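Me: Please give me a close description of a single part of this model. I want to know what surrounds it and which side chains it pairs with.

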Amino acid sequence: MENRFAAARRRYLRTHMDGIYTGMLLTGTLEPHLEEIGESAQEMFDRLVAQMKDAEGVTERLKAENQMEWVERMNSIRSRAEEVVLSELVYC
């Protein structure tokens with residue numbers, strides 16, 4: 001099953017690197033490539049989110065005391081982590 005990062009990689013290859021996309025599709029290396037990118041990207045995303053939460057003090061205690069602030073900060077963290085993953089692994 002393809003995750004969001006693998007799907008983004010597929011779209012990127014098809015849109016911006018059509019020759020590479022077609023070559024990989026014809027040689028049967030596209031799906032393993034997308035699976036590897038998807039897994040690596042998800043692991044990197046999870047690791048970055050955990051590191052940013054620790055660095056910025058976003059804890060379960062904050063979640064219990066002020067849910068709206070916790071949500072705002074988590075959305076910011078997830079957005080920044082996703083940008084890093086997309087630029088480092090997906091759109092390269």
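The part in question is helix H1, and the description below also takes in its partners.

Reply: This is a predicted model, in which local features need pLDDT of at least 70 and side-chain atom pairs count only at pLDDT 80 or more, while totals for chains, interfaces and linings use all residues. Residues are numbered from 1 along each chain as its sequence is written, and side-chain values use heavy atoms, with hydrogens and water left out.

Helix H1 covers residues 4-16, which makes 13 residues. Helices here are DSSP runs of H or I with at least four residues, numbered from the N terminus. From first C-alpha to last, H1 reaches 18 Å, close to the 18 Å expected at 1.5 Å a residue; the expected span is 1.5 Å times one less than the number of residues. At its start, a side-chain oxygen of Asn3 comes to within 3.0 Å of the backbone nitrogen of Phe5.

Phe5 is also one of the buried residues of H1, along with Ala6, Ala7, Ala8, Arg9, Tyr12 and Leu13. Buried means under 20% relative accessible area, exposed means over 50%, and partly exposed lies in between (1.4 Å probe, protein chains only). The cover over these buried residues includes helix H2 (18-27), helix H3 (30-56) and helix H5 (67-90).

Take H2 first. The axes of H1 and H2 come within 5 Å and cross at roughly 115°; axes are lines fitted to C-alpha atoms, for helices over the stretch in contact, and angles run from 0 to 180 degrees between N-to-C directions. On the H1 side, Arg10, Leu13, Arg14 and His16 meet Asp18, Ile20, Tyr21 and Met24 of H2. The residues of this contact divide into 4 nonpolar, 1 polar and 3 charged. In that count Ala, Val, Leu, Ile, Met, Phe, Trp, Tyr, Cys and Pro are nonpolar, Asp, Glu, Lys and Arg are charged, and the others, Gly among them, are polar.

His33 is placed in helix H3. Its neighbours within four places in sequence aside, His33 is in contact (heavy atoms within 4.5 Å) with Arg9, Leu13 and Met24. With Arg9, the side chain of His33 makes a polar contact of 3.1 Å, side chain to side chain. A polar contact is a pair of N or O atoms within 3.5 Å; within protein, one must be able to donate a hydrogen and the other to accept it, and residues adjacent in sequence count only if both atoms are side-chain atoms.

Arg10 takes part in a salt bridge with Glu31 (2.7 Å, N to O). The pair links distant parts of the chain, with Glu31 in helix H3 and Arg10 in helix H1, 21 residues apart. Both residues are partly exposed, Glu31 at 44% relative accessibility and Arg10 at 21%. Glu2 joins Arg10 and Glu31 in a network of salt bridges. A salt bridge is a side-chain nitrogen of Lys or Arg within 4 Å of a carboxyl oxygen of Asp or Glu.

The whole structure has 6 salt bridges. Another one joins Arg73 and Glu69 (3.1 Å, N to O). These two lie 4 residues apart in helix H5, so they are separated by about one helical turn.
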